[in-house]
Amino acid sequence: MIEKIVKEMTLKEKVGQLNQHLYGWQCYQKVNGKYELTDLFKEHVKEYGGVGAIYGILRADAWSQINRENGISREDSKIVITMIQEYIKKHSRFEIPALISEECVHGHMALGAPVFPTNLAMGMTWNPDLMERITHNVSQELAAKGGNLALFTGFDVLRDPRWGRSEECFSEDAYLTSCMTSAAVHGFQKEKNGVAVVVKHLCAQGGCVGGHNSDAALIGPRELREIHLPPVKAAIDAGAKAVMAAYNEIDGIPCHINKALLFETLRKEYDFSGIVMADGCALDRLLLLDDDILKVGSLALKAGVDLSLWDNVYLRLDEAIKQGYLTEEELDQAVLRVLRLKEELGLWEELNTYSLPETSDLLLQAARECQVLLKNNDSLLPLSSKQKIAVIGPNANHYLNQLGDYTAYQNKSDIVTVYDGICQKTEISPIYVQGCSIRGRKFDIEPALVAAKAADIVILVLGGNSTRLYQDTFENNGAVKANQENQMNCGENIDLASLELEGYQNELLLALKEVNPHIVTVLIQGRPHVINTVLKHSQAVLASFYPGSRGGEGIADVLFGDYNPSGHLSVSIPQHVGQLPCYYNHKHNGAQKDYVDMPGEALLPFGYGLSYSQFIYRDIKVPKAIKITDLLENGIDLQLEIYNNSTYDGEDVIQVYLKDHQASVVSRVIELKAFNKVKIQAYQSKQISIHLTSDAFAIWNYEMKYLVEPGDVSICIGVDSKHYQEFKLTLVK
């Protein structure tokens, strides 16, 4: 059927199917509580005889200027999308519905939709199964509303925390990122419900130079293969039906016209048969390379970009064909891929009805598991409900600050702040004082000092903020235009030169310590900040990142011992911005790592995380040698016993790293190769088996061939990337 339709389509209709030009909120208007389709939308459908896809019909945020008064409610979402689809089909010769694409970075970005922890927070859970449950829930949410494409960040590996989109990355590590991304893809596409995931951004956007958003990735082919492509392959292997190209360039070639990336690697090597979507206005940015609009559009199509996003370039592909830049056969291949995806998702079939999913328990579990305990001197935690507590800080009771970027308009009643969560735990009502702001102006801290002096414990909530405000100004792709007045210091386009906590946050901590040394600092933030002062002057420190709408409840559960913290750092915490890059898996080349004026190592290592339990690893069994032929066929199994030597039931993340001692190319000092999150009852032990496939030992050799080389390696089993037991293993030819 698809091939027959394409043969009968006009050039304009074909261009229409590669078109995602409209902003979704331009398609409707709300008049006296009823929804109407706009003339702009109707004219667009008429001009192209249909629409390939529409982005963000349900988006409601500061950029779109949609809120609960003029937006589409959660309950009305299916009604409006059905109305739009029916109009498109009625005014299309072939009755082709549009793909409805929506942001689902950490929940569906729409009115009334639940907000889960951001990816960086989820990376701290080291729990792919939980990630799969969350994305399955989001998929059900989107399906119930009639949406089709869930835009999800899964390819970006965080190599520079100055980057404003750090919060969208799972980790600085390719393996952990791959595991979480694979799980996310499985969750989104777990059932046949008309939803596919669009995984973004292809590729290496997390390696942007200087932490500048969309800037070049200064990497070679081996770095691309070792760090940035593994999550891509993991997503494709998991069945991802769509990917989004990245803004950045690699070695001078923008990703949107990088045929080696989009065709040779993605389609030929990884056997990807889905669609490639452009990022917002990225095709128009190609005009910086060459101002010939027909030429750059043709280059992108030939490289493998199938579907546009808001740009003007792809609206003129028919002209490009008429002027010889492109053949109609080349255009047809992209049209076929878009239509096949529509067919796979059942867009021509009778629409099924799905119920909106229940999310409450999942939101709480995610908020609990993303908490990372960084310090707990004198076992200050867990706290007692009988203690008098002062809750202080700019993120203690600001309901939007704990949610992250790509968050829709929110009702305050749907969010549990840290202060709210603590109020549920204490017998004595806690005192709340803001103390200071995230950035800029100094507050009168006297009320905070009075509250701290009268309290047994101070819970100080510091960090960052990714909240877009309705009075902000935006780029045409929705990124915030940075300004000094906004309290936003993280999120898309909000890159930092310094990673110190901003404003008077450190000064507030030091002042509070003068009147009460019993301080628990909670860090709600979108990136790893420099926290030397926090670690030194707090008695306990909990890193929460952006824990979602029930974040305050999850944090309180950890602080009061109703949940034993199980999170581990998925990024290294630097001592100073001048140390960057400070990721744990740097190259092993004999160079001095320390600076004259400070150590070269991170303040806290990748994988680090404390618990109320004490876990002991014993009776570890690792083979001493294995033939490569056996390794390729069967892999190897590692055995150990883990004992919980405490009164608390708890979860531990067993981490397995590899060191390569005899490689043909410069290896990394250590690399994560496996992990296992296990729950162990108090004073109980558990036998654990961890399987490593040959991929754990394979490298990209001198000739850029992926293989296992003979020689000695070390298997390192431990609690983080610095603390482990090491075992030699010989790989025999």
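Author: Gladly; what follows is a set of questions on terms, each answered from the structure.

Reader: What kind of model is this, and how are its residues numbered?

Author: This is a predicted model, where local features need pLDDT of at least 70, side-chain atom pairs count only at pLDDT 80 or more, and totals for chains, interfaces and linings use all residues. Residues are numbered from 1 along each chain as its sequence is written, and side-chain values use heavy atoms, with hydrogens and water left out.

Reader: What makes something a pocket, and what makes it a cavity?

Author: A residue counts as lining if it has an atom within 4 Å of a point. Points are joined across faces, edges and corners, and the volume is the space filled by probe spheres set on them. Counted this way, the largest pocket has a volume of about 1000 Å³.

Reader: Which residues line the largest pocket, and which elements do they come from?

Author: The lining has 40 residues, and Tyr175, Pro230, Lys673, Asp695 and Tyr706 lie nearest the centre. Elements giving two or more residues include α7 (174-188), α8 (221-228), β20 (650-660) and β21 (671-680). The largest share, five residues, comes from α7. Here helices are DSSP runs of H or I with at least four residues, strands are runs of E with at least two, and both are numbered from the N terminus.

Reader: How do you know where the largest pocket lies relative to the domains?

Author: The domains are domain 1 (1-345), domain 2 (363-571) and domain 3 (615-731), with bounds from an automatic or database domain assignment. Domain 1 and domain 3 both give residues to the lining of the largest pocket, so this pocket lies between them. The C-alpha centres of these two domains, domain 1 and domain 3, are 37 Å apart. Their contact, meaning heavy atoms within 4.5 Å, takes 16 residues from domain 1 and 14 residues from domain 3.

Reader: What is the lining of the largest pocket like by class?

Author: It divides into 22 nonpolar, six polar and 12 charged residues. Ala, Val, Leu, Ile, Met, Phe, Trp, Tyr, Cys and Pro count as nonpolar, Asp, Glu, Lys and Arg as charged, and the others, Gly among them, as polar. The second largest pocket, with a volume of about 570 Å³, has 25 lining residues, and Tyr583, Tyr584, His586, Lys593 and Gly600 are the closest to its centre.

Reader: How many cavities are there, and where is the largest cavity?

Author: The whole structure holds five cavities of 30 Å³ or more. The largest cavity has a volume of about 100 Å³ and 18 lining residues, with Glu103, Asp279, Trp310, Tyr406 and Asn477 nearest its centre. Domain 1 and domain 2 both contribute to this lining, so the largest cavity lies between them. Tyr406 also has a phi near 55 degrees, a positive value in a residue other than glycine. The second largest cavity holds about 70 Å³ of space, and Leu158, Arg159 and Tyr583 are among the residues that line it.

Reader: Why is the crossing of α6 and α7 called right-handed?

Author: A crossing is left-handed if the near helix is turned anticlockwise from the far one by less than a right angle, and right-handed if clockwise. α6 passes α7 in a right-handed crossing, so the near helix is turned clockwise from the far one. The axes of α6 (residues 128-145) and α7 come within 7 Å and cross at roughly 35 degrees. Such axes are lines fitted to C-alpha atoms, for helices over the stretch in contact, with angles from 0 to 180 degrees between N-to-C directions.

Reader: What about α3 and α4?

Author: The axes of α3 (residues 39-48) and α4 (residues 77-90) come within 10 Å and cross at roughly 35 degrees, and this crossing is right-handed. Phe41, Lys42 and Val45 of α3 meet Ile84, Tyr87 and Ile88 of α4. By class, this contact has five nonpolar, no polar and one charged residues.

Technical notes
On a 1 Å grid over the protein atoms alone, a cavity is a set of points where a 1.4 Å probe fits but cannot get out, and a pocket is an open set with protein on both sides within 12 Å along at least five of seven lines; lining residues have an atom within 4 Å of a point.
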